[in-house]
Amino acid sequence: MKIDNNFIQLISHKDTLNKEQFKILGLDYPSDENWKNQALHKEVSKNDMNLLMLLKGDLSQKAQEQIIKNYHMVLEFNNIKPKSVYELPKEKTEEKVQINEDEEHIRIYCDGACSGNPGNAGSGLAIYSNKRNPVLLYGAYEEEGTNNIAELNALHQALVIARQTSSENIISIFSDSKYAIDCITTWAYSWKKNGWSKKGGEIKNLELIIEAHTLYEKLKDKIEINHVKGHAGVEGNELADRMAVYTIKAKNKNFAFYSYNKVEEVLGMSSY
């Protein structure tokens, strides 16, 4: 996958990167003024792109190293060997491991939750890859959010993940929100045709809808978005729900990995 200007802007903090981000990109640290041009069009793996995003921010060296260890712990827990040029610190491993994951079938369940409407809101995802344990994500906390924006945030993040995935197979995305699905896959076309306006009033959450629809347009040949009935015992949907509710407690705006031992433990967490 190639680095572009949008991705550079996404992973940058105050127009620069930290030491481990430069290391992943194979650039010198401290950097020179030309680092963006040097990073542009570099080929990096899906896992390295994930790491570059997770490492965003003015983080101490210790914090950067801990994020890397945590990420590789998640991969190891799910029996995923990263297709990456990035090496863990030598005390962890000295091997560069690679695997071709193009044949995998990726399923992404996304859900939103809101305590009050409006109220504290959060989003969650459960990402399945063949028979491996699902990777769980929680984030997009909103102090004064709604059910709809929580669902849109979750679906948007699912699209972001689909964009980062190098699988050649169709990626299946599941949401229990017909509103979020229709906003992005159906209604957006007429709104866009009318200059992003509609008869009868404003389009709520318009900025997020435009961003998600733009992603959908780029990805629609490699993804399918399906509606799934909520709270009907579908494991992926239930896990995404628990992560959305957990976000409201954790109050984290950025998405983070949730560590667990057994799926049953997560299913036993509180749900609205």
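**Ground rules**

I number residues from 1 along each chain as its sequence is written, and side-chain values use heavy atoms, with hydrogens and water left out. The model is predicted, so to speak of local features I need pLDDT of at least 70, side-chain atom pairs count only at pLDDT 80 or more, and totals for chains, interfaces and linings use all residues.

**Overview**

I looked up the secondary structure of the protein chain and found ten helices and six strands. Helices (H or I, at least four residues) and strands (E, at least two) are DSSP runs, numbered from the N terminus. Of the 272 residues in the chain, 47% count as buried; buried is under 20% relative accessible area, exposed is over 50%, and partly exposed lies in between (1.4 Å probe, protein chains only). I then turned to contacts, meaning heavy atoms within 4.5 Å. Of the contacts with a separation of 6 or more, 70% come from residues 24 or more positions apart.

**The sheet**

I traced six strands in an open, mixed sheet, in the order S5-S4-S1-S2-S3-S6. Two strands pair if DSSP finds at least two bridges between them. S5 (223-227) and S6 (256-257) are at the edges with a single partner strand each, so one side of each has no neighbour in the sheet. I checked S1 (residues 106-116) against S4 (residues 171-175): they pair in the parallel sense over four bridges. Arg107 has Ser172 in S4 as its bridge partner. H6 packs on this sheet and touches S1, S2 (119-129), S3 (135-145), S4 and S5, its direction making about 155° with that of S1. For such angles, axes are lines fitted to C-alpha atoms, for helices over the stretch in contact, and the angles run from 0 to 180 degrees between N-to-C directions.

**H6 against H7**

I next followed H6 (residues 147-164) to H7 (residues 178-193); their axes come within 9 Å and cross at roughly 55°. That makes H6 oblique to H7; angles under 35 degrees are roughly parallel, over 145 roughly antiparallel, 65 to 115 roughly perpendicular, and the rest oblique. H6 contributes Asn148, Glu151, Leu152, Leu155 and Leu159 to the contact, and H7 contributes Tyr179, Ala180, Ile181, Cys183 and Ile184.

**H6 against H8**

How do the axes of H6 and H8 cross? They come within 10 Å and cross at roughly 30°, and H6 and H8 are therefore roughly parallel to each other. On the H6 side I listed contact residues including Ile149, Leu152, His156 and Leu159, and on the H8 side ones including Leu208, Ala212, Leu215 and Tyr216. By class, I noted eleven nonpolar, two polar and two charged residues. Ala, Val, Leu, Ile, Met, Phe, Trp, Tyr, Cys and Pro count as nonpolar, Asp, Glu, Lys and Arg as charged, and the others, Gly among them, as polar.

**Two residues**

Thr247 is in H9 (residues 235-250), and I found it buried, with a relative accessible area of 0%. Leaving out residues up to four places away in sequence, Thr247 touches Gly122, Ser123, Tyr138, Gly139, Ala140, Tyr141 and Asn252.
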